[in-house]
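Here are my notes on the model you sent. Please keep the sequence and the coordinates open while you read.

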Amino acid sequence: EMSEMSERSKQNVAHGLAWSYYVGYLKIVLPRVKKLMEEFSRANPNIQVCRETWKLHILVPLSCDVYDDLEKADSNIEYLTDLTETTLNRAGIKKRVYKHSLYAIRDEDNKLWHCAVEYATPLQSLYAMSQDECAAFSREDRLEQAKLFYRTLEEILKGSRECAGTYRLIAYEEMGEAETHFLSREILWHLRQQRHEEYAMYEGNQLQNPPTTLSSTELNLQISTSDLPQPLRSDRF
């Protein structure tokens, strides 16, 4: 009965997507990220990649609006190259390839910042469900599920020793009016914060949150410690 109630209220959608994303992808690739970034840095000494940002930066737009081409999303984001591929036999697929793309992000002073960045791909599923009549999944459902996906994924990763220090979740809400360089600004804020975090610990300083960058407390969701998700809250979002 509880399972049927959860199914009807769609509370288990994002919960399952977050766990699948972690077990089927992040748990496999994240422990290798720092090594891949180090290899790239040694092979390309002319391209400065800050050690504090040797992570996979995962974009989580709460609108679930995911671009297949980041360069089309923001002209200040330029594809640079791919990191070394990881090849594994997985679920009957021989030599399955996992790889990450490295981008150059141009700031307001025309300086280039380099990082590995990609969207959280399960958001595409949430978006597609909201466009399919068979799913009976409204835009409101999509927003609630996107917030639950982020909080669930955050909790999973916090408890993963293998993935510690290998990722940066960037959850944000797009502004109502189109902004040409919105996405690059979001990424740059996180890159700068990572570079300053070490110094902030000693100096007691911290960068201010940009208006669109969301903390987990701002999302204000109640995540169950059990396998069954609890009702969502969005009264403060």
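1. Confidence. The mean pLDDT of the chain is 82, and 76% of its residues reach 70 or more; pLDDT is the predictor's confidence in each residue, from 0 to 100. A contact means heavy atoms within 4.5 Å.

2. Ground rules. This is a predicted model, so local features need pLDDT of at least 70, side-chain atom pairs count only at pLDDT 80 or more, and totals for chains, interfaces and linings use all residues. Residues are numbered from 1 along each chain as its sequence is written, and side-chain values use heavy atoms, with hydrogens and water left out.

3. Elements. The chain holds seven helices and seven strands. Their order along the sequence is α-α-β-α-β-β-β-β-β-α-α-β-α-α. Helices (H or I, at least four residues) and strands (E, at least two) are DSSP runs, numbered from the N terminus.

4. The sheet. Five strands form an open sheet with mixed pairing, in the order β2-β5-β6-β1-β7. Strands pair if DSSP finds at least two bridges between them. β2 (77–82) and β7 (167–172) stand at the edges with a single partner strand each, so one side of each lacks a neighbour in the sheet. The twist averages 40° from one strand to the next. For such angles, axes are lines fitted to C-alpha atoms, for helices over the stretch in contact, and values run from 0 to 180 degrees between N-to-C directions.

5. β1 and its surroundings. Strand β1 (residues 56–61) runs parallel to β7, and six bridges join them. Leu56 stands opposite Tyr167 in β7. Helix α2 (residues 13–43) packs on the sheet and touches β1, β2, β5 (101–106), β6 (112–119) and β7. The direction of α2 makes about 135° with that of β1.

6. Burial and surface. Of the 237 residues, 44% count as buried. Buried means under 20% relative accessible area, exposed over 50%, and partly exposed in between (1.4 Å probe, protein chains only). The chain exposes about 13500 Å², and carbon and sulfur atoms supply 47% of that area. Accessible areas come from the Shrake-Rupley method with a 1.4 Å probe; for residues, only the protein chains shown count as cover. Among contacts between residues at least 6 apart in sequence, 69% join residues at least 24 apart.

7. Cysteines. How many disulfides does the model have? The count is zero, where a disulfide is a pair of cysteine sulfur atoms within 2.5 Å. Cys64 is buried, at 2% relative accessible area. Cys115 is buried too, at 0%.

8. Backbone points to check. Ala91 is not a glycine, but has a positive phi of about 50°. Ala91 sits in the loop between β3 (86–90) and β4 (93–98) and is exposed, with a relative accessible area of 78%. Lys95, also not a glycine, has a positive phi of about 55°. Lys95 lies in strand β4 and counts as exposed at 64% relative accessibility.

9. Leu112. Not counting residues up to four places away in sequence, Leu112 touches Ala104, Ile105 and Arg106. The C-alpha atoms of Leu112 and Leu188 are separated by 9.9 Å, with the two residues 76 apart along the chain.
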